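This report covers the packing inside a two-chain model and the contact between the chains. The sequence and structure come first.

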Amino acid sequence: MWGKIVHWIEVRIGLEELINKHLRQFKTPKGATFWSTLGFVTLIAFILQAVTGIMLLLYYIPHPEHAFKSVQTITNEIPYGWLFRLIHNVGGNIIVAVIIIHMVHVFLRVSYKKPREITWVTGVLMFLLVLLACITGQLLPWHQTGFWQTTVTSTIPSFLPVIGEGISSYMRGGASVSGITLSRFFSFHVVILPVFIVALMILHVLLIRRQGLSTSPAVEPEADASPPEEFRREPHLEGHPCFPHFSVKRSFMVMFYFTVLFFILTFFPNLFLPAEANIQADPLLTPEAIRPAWYFLAPYQLIKTIPNDVMGISLVVIFSLVLLFWPFLDAKDAGRNIRKRPMLLSLGLIVLALWAIFTIWGMYS
Amino acid sequence: MERRQLLKTSLAFLGTTTLISFIYPASKFLVPPKSSAKDTQLTINKDEIPPGTAKEIIFNETPLVVINRKGSGFIALSRICTHLGCLVGYDKFNDKLVCPCHAGDFDLEGKVLSGPATKPLPRYPLKITADQITIG
């Protein structure tokens with residue numbers, strides 16, 4: 001029976017040829033480990049966010065008078081509404097963690113170097129857009145936490161000279177967070193940002209497919225010798241076919257992602273929903289301790305620590321720009337083996353350590 | 001069983017379990033919630049509907065029309081046309097209910113007079129006292 005169904009599909013679509021051409025003949029390098037699957041895991045995590053987001057849209061009402069109640073209805077009255085809301089909420093946090101680990105891995109493998117500069121830039125742009133999606137998403141439930149986090153987040157750009165006030169006003173759609181802000185954030189969260197993220201994702205995947213996965217300099221040191229002067233796809237002749245070898249690794253990591261997601265859902269369901277998230281937004285009452293989400297704690301603490309607000313926000317902007325254009329700033333002639341580049345390794349580790357310190361500091365300050 | 005085959009089978013099992021775990025709650029989630037309308041009663045004063053007139057009301061989220069028929073008293077009918085769901089209106093000049101969408105006509109008992117509808121308009125029970133009419 002199963003064989004007949006497969007044959008029926010095969011005659012009409014030519015699935016075997018598709019799998020052969022795009023998966024079996026597409027070789028992954030010898031050094032492709034579980035870490036190399038994190039881009040794919042991010043893709044699955046993004047699809048999960050899109051699916052759960054669309055489902056929440058069926059009951060969510062983007063209006064200040066109804067938004068909080070509609071989210072409470074989803075959580076408490078709609079069958080399994082709590083599950084999809086929590087998957088969306090927790091998934092939105094884990095996806096950021098997965099992207100950060102993916103970026104650290106790419107950085108430590110120095111995979112961003114020629115000819116993969118555009119792949120890195122599209123990746124960082126996607127990361128920044130995902131952060132924006134997180135910012136816009138936190139206001140939608142119209143609870144105290146989201147409302148005041150948005151107030152703080154939309155005030156920070158106003159520290160920038162000349163354009164700062166304009167950016168803040170543009171974000172809020174006025175002088176303060178209101179129903180107009182909710183409408184703006186809603187359209188950005190559900191339409192504008194996802195469209196740009198998907199466009200960048202297509203470009204990112206297309207580039208990876210065209211160039212082939214980058215090799216590990218530790219496993220294939222010869223590949224690191226001289227960057228190509230004309231386009232060539234890395235054949236990875238000694239590597240394994242993407243399907244089924246690498247696909248099994250990918251599937252395992254996707255399962256691991258779901259394990260982490262459901263572990264948090266089961267044992268720490270309120271990890272990313274503080275007590276104030278159960279109180280409707282009150283524009284006249286600021287809760288005692290308003291902190292940004294964990295991934296914004298480091299820049300938040302940095303801005304708080306530096307007495308000059310302009311300098312604080314400028315540092316964050318400069319760091320983001322350096323991260324975005326890093327492939328063009330890294331030494332051209334240097335090799336890809338990070339073990340032979342102690343300066344680069346130290347720089348990466350120092351930035352990571354500082355980020356961790358500022359995050360923990362921000363959590364307890 | 002080979003190691004790779006075991007891994008594949010385990011992944012297929014886990015994948016199917018995950019998919020089913022998602023599809024079952026998703027199908028439950030998509031079922032529209034039960035109406036929050038309660039089985040309450042609605043009372044209106046008789047004075048509001050003189051003979052030969054009608055009053056349009058919403059009762060338990062359903063649009064109704066209460067008609068004071070000349071000679072045969074009050075009746076409450078659903079305004080939802082049994083053809084395609086448009087709302088019928090009371091035509092006081094011809095003593096009938098008319099659907100504006102496809103020209104369906106109903107008499108003041110809710111029965112089909114003409115047009116594409118085949119079922120009569122649902123009737124709602126009334127309790128009539130000296131001054132008031134209670135629906136439900």
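The model is predicted. Its largest nonpolar core holds 52 residues, and the members that touch the most others are Ala45(A), Ile95(A), Val98(A), Val130(A) and Trp142(A). Seen by element, two or more residues each come from α3, α4, α5, α6, α7, α9 and α10 of chain A. The largest share is that of α5(A), with 12 residues.

Ile95(A) can be followed in more detail. Leaving aside residues up to four places away in sequence, Ile95(A) touches Thr42(A), Ala45(A), Phe46(A), Gln49(A) and Val130(A). Another core, of 15 residues, lies apart from the largest one; Leu64(B), Val66(B), Ala76(B) and Leu97(B) are among its members.

For chain B, the domain assignment gives domain 1 as residues 1–31 and domain 2 as residues 42–135. Over C-alpha atoms, the centres of these two domains of chain B are separated by 54 Å.

Between the chains, 13 residues of chain A are in contact with 12 residues of chain B. On the chain A side, α5 and α10 of chain A each give two or more residues, and α10(A) gives the most, with 5 residues. The classes of residue on that side are tabulated here.

| Class, side of chain A that touches chain B | Count |
|---|---|
| Nonpolar | 10 residues |
| Polar | 2 residues |
| Charged | 1 residue |

Conventions. Residues numbered from 1 in each chain as written. Chains lettered and ligands numbered in written order. Predicted model: local features only at pLDDT ≥ 70, side-chain atom pairs only at ≥ 80, totals over all residues. Core = buried A, V, L, I, M, F, W, Y, C linked by C-beta atoms within 7 Å. Buried ≥ 20, exposed ≤ 12 C-beta atoms within 10 Å, placed from the backbone. Helix = DSSP H or I, 4+ residues; strand = E, 2+ residues; numbered from the N terminus. Contact = placed C-beta atoms within 7 Å. Domains from an automatic or database assignment. Nonpolar A, V, L, I, M, F, W, Y, C, P; charged D, E, K, R; others polar.
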